[in-house]
Amino acid sequence: MWEGFSDEQKSRLGAKISNYFKETFSISGDNCLILIRDMKPVNWIQNGIAGNHSEFLNESRKF
């Protein structure tokens, strides 16, 4: 995910993902490991467009 999210936001995301797997697949929490890798938008390339490009959302979805 792109950097810039707070520790609290990442903690809530991890809890929601873990709960989904526990509830949906009936697994114990110790069998669900969530790893978050913060990444600068410039290092996120989609369809040849870097995430820091001002028109990333539009340009990266073109065919």
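Which side chain meets Asp 38 in a salt bridge? In this predicted model, select Asp 38 and Lys 10 together, and you will find their side chains joined in a salt bridge, at 2.8 Å from N to O. The pair links distant parts of the chain, since Lys 10 belongs to helix α1 while Asp 38 sits in the loop between α1 and β1, 28 residues apart. Asp 38 is partly exposed, with a relative accessible area of 36%, whereas Lys 10 is buried, at 16%.

Asp 7 and Lys 10 are three residues apart in helix α1, so about one helical turn separates them. Asp 7 counts as exposed, at 63% relative accessibility. With Asp 7, Lys 10 and Asp 38 shown together, you have a network of salt bridges in view.

The whole structure holds four salt bridges, and another of them is seen by selecting Lys 62 and Glu 59, whose side chains meet at 3.0 Å, N to O. Lys 62 is partly exposed, with a relative accessible area of 48%, and Glu 59 is also partly exposed, at 27%.

Ser 26 lies in the loop between α1 (7-25) and β1 (45-46), and is exposed, with a relative accessible area of 67%.

Finish at Asn 47, in the loop between β1 and β2 (49-50), where phi is again positive, near 55°, in a residue other than glycine. Asn 47 counts as partly exposed, at 47% relative accessibility.

Conventions
Residues numbered from 1 in each chain as written. Predicted model: local features only at pLDDT ≥ 70, side-chain atom pairs only at ≥ 80, totals over all residues. Heavy atoms only, no water. Helix = DSSP H or I, 4+ residues; strand = E, 2+ residues; numbered from the N terminus. Buried < 20%, exposed > 50% of the residue type's maximum accessible area, 1.4 Å probe, protein only.
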